[in-house]
Amino acid sequence: MKKFTLSATIAASLALFAGTASAQVDLDAVLNIDGTVITTRAPAPDFLDIDEVISGWVYRASETQALQMDDFDNPAMLFVDQAMDDWNRVDGTEGKSCASCHTNGPEEFAGLRAELPRWDAERGQMMNMEDYINYNRVTYMGAEPLKWAKPRMDAMVALISLQSRGMPINVAIDGPVADIWAQGEEIYYTRVGQLDMACANCHEDNYGNMIRADRLSQGQINGFPVYRLKNAKLNSVQARFKGCMKNIRAEPYAVGSDEFRALELYVASRGNGLSVEGPSVRN
Amino acid sequence: MAENVKPRVRVPRSASAGEAFEIKTLISHKMESGQRKDSDGNRIPRSIINHFSCDFNGENVMTAILEGAISTNPYFQFDAVIQESGTFTFTWLDDDGSEYTDSKDITVG
Amino acid sequence: MQFTRRDTLAMGAGAAVATLVPFQAFAGANEDEMAAFANGAEITDGGVELTAPEIAENGNTVPISVSAPGAVSILILATGNPQPRVVEFGFGPLAGSQSASTRCRLAGTQDVVALAKMADGSIKRATSTVKVTIGGCGG
């Protein structure tokens, strides 16, 4: 077989699709969820070369966008309901539920999702939502940690993310997380896999263009956990990272690995200024 | 009983007699269509919610006979019109024989 | 290897065709379903409205709605699916309108057909072509 540049082929396919078939992207579409307007475009953080950060919601077809605009129509809310049951369910050796300690309900966590992942001085490490959920389960409930990227954990992450909906993502990138952030940035720009692609090749160089029949977004994670029409379930950030890497035929890092944690921090920070949308609906 | 099947319904708290209003229903259910194959190439048998009905004070509003082509987490939106206060009951029937129900009260006038 | 412009365009065009799952229709099954529902009555177009996206972002979850004032029941057929029946709505005395919305799975680009059975037994029909895409990187 003749050797040829894969990236040239992909560039050709991407270019040919600009503007074909699907409806054009409406950058001015407004995401109004049951009366609350959500910020889907914001000035990009300083460290980025692009001018504006844009939520993935903007790039989806109008029917998909509509699914997120109503908390009943949004299928992700079914899982939020399930998480609410879980919240009230006693689990573990201490005979407690989440509700036992968090007496004011999940509303107590307003603002948390907007800051994660973040350095936790007490724990001496960077923590994301899954880390906090499991730390508290194990320490205070005497319960088994929930498996990441599985329905029960994803639903709980959705429930807590919802409490920050509408708040701007505001993830710290300096101080104790500076090195981790730098590692995440490097991963984002490093080409890997058989298709020799980096996150940036699609999500920074080609957002708004089509890849085959999908419209590329900026790869922001402000909407996670996300209900994907494709698999009709909630999907977590790191599960999506893994999926993306498999799509470019790279050996994915493990969910929960240092690499994905660093990437999660970096990618979250790329969306600083966008509103938390979780849980959102995408294709 | 399929796992984790949870219904959700949206019905207004009150309505005017004779004036149509919208009802939405959702239920978490995998809706295994019977078209998929497992990793050995064997067809995964169909296992879906096959029937849905909405009734009010014992009278029927609407019904749906579902097939495998209804998406996971079946969703229905439809209109109802009533003359008196009472209770809506929603019933979903599963291929495996289970029945799931939900109900919502509504006041008229 | 050097690609000529002709080569690149040919590859791209092939890719373009390949991303639309080809139009499908299973004639026999569709006709049987329509005949069974119609029960001998004539099928005429009009009198029923079927709303479906022109391009379905994902064939796994396609929102559709149907409305037929005065109908007793409405059957929706996905003529390109392995099994055409999608849902059959029945409207009772307390239905506020003879309309309903749902979300369905479409196996590929195809015509979706709505058949409404009116009170006098006559059948009204509406057809909508939905393009179903394979997707991109996300699959």
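**Figure 1. A:R212 lies in the loop between β7 (210-211) and β8 of chain A.** This is a predicted model, where local features need pLDDT of at least 70, side-chain atom pairs count only at pLDDT 80 or more, and totals for chains, interfaces and linings use all residues; side-chain values use heavy atoms, without hydrogens and water. Residues are numbered from 1 along each chain as its sequence is written, while chains are lettered from A and ligands numbered from 1 in the order in which they are written. Helices (H or I, at least four residues) and strands (E, at least two) are DSSP runs, numbered from the N terminus. The backbone of A:R212 is worth a look: phi is near 50 degrees, a positive value in a residue other than glycine. A:R212 counts as partly exposed because its relative accessibility is 38%, given that buried means under 20% relative accessible area, exposed over 50% and partly exposed in between (1.4 Å probe, protein chains only).

**Figure 2. Another positive phi turns up at C:N39, in chain C.** This residue is not a glycine either, and its phi is about 55 degrees. Look for C:N39 in the loop between α2 (27-38) and β1 (43-45) of chain C. With a relative accessibility of 66%, C:N39 counts as exposed. For context, chain C has two helices and nine strands, and from the N terminus on its elements run α-α-β-β-β-β-β-β-β-β-β. Of the 139 residues of chain C, 50% count as buried.

Figure 3. A:P225 belongs to the loop between β8 and β9 of chain A. A:P279 sits in the loop between α11 and β11 of chain A.

**Figure 4. Three strands of chain A, in the order β10-β9-β11, form an open sheet with mixed pairing.** Strands of a sheet pair through backbone hydrogen bonds, either parallel or antiparallel. The edge strands are β10 (233-235) and β11 of chain A, each of which pairs on one side only. Pairing here needs at least two bridges found by DSSP between two strands. β9(A) and β10(A) run antiparallel and are joined by three bridges.

Figure 5. The elements giving two or more residues to its lining are α8 (178-189), α9 (199-203), β8 (214-215), β9 (226-228), α10 (237-247), α11 (258-270) and β11 (280-282) of chain A. Of these, α10(A) gives the most, with five residues. By class, the lining has 21 nonpolar, eleven polar and seven charged residues (Ala, Val, Leu, Ile, Met, Phe, Trp, Tyr, Cys and Pro are nonpolar, Asp, Glu, Lys and Arg charged, and the others, Gly among them, polar).

**Figure 6. Two salt bridges are drawn between chains B and A, one at B:K24 and one at B:R8.** Side chains of opposite charge can pair when their charged atoms come close. A salt bridge here is a side-chain nitrogen of Lys or Arg within 4 Å of a carboxyl oxygen of Asp or Glu, and the count over all chains is 26. B:K24 meets A:D70 with an N to O distance of 3.2 Å. This pair crosses from strand β3 (residues 21-27) of chain B to the loop between α2 (62-68) and α3 (76-87) of chain A. Both B:K24 and A:D70 are buried. B:R8 meets A:D81 at 2.6 Å, N to O. That crossing runs from strand β1 (residues 7-10) of chain B to helix α3 of chain A. Since its relative accessibility is 17%, B:R8 counts as buried.

**Figure 7. A salt bridge within chain A joins A:R137 and A:D91 (2.7 Å, N to O).** The pair links distant parts of the chain, 46 residues apart: A:R137 is in helix α6 (residues 129-141), and A:D91 is in the loop between α3 and α4 (98-101). A:R137 has a relative accessible area of 6% and is therefore buried.

**Figure 8. A network of salt bridges links residues of chains B and C.** Its members are B:R46, B:E67, B:D95, C:E33, C:R85 and C:E88.
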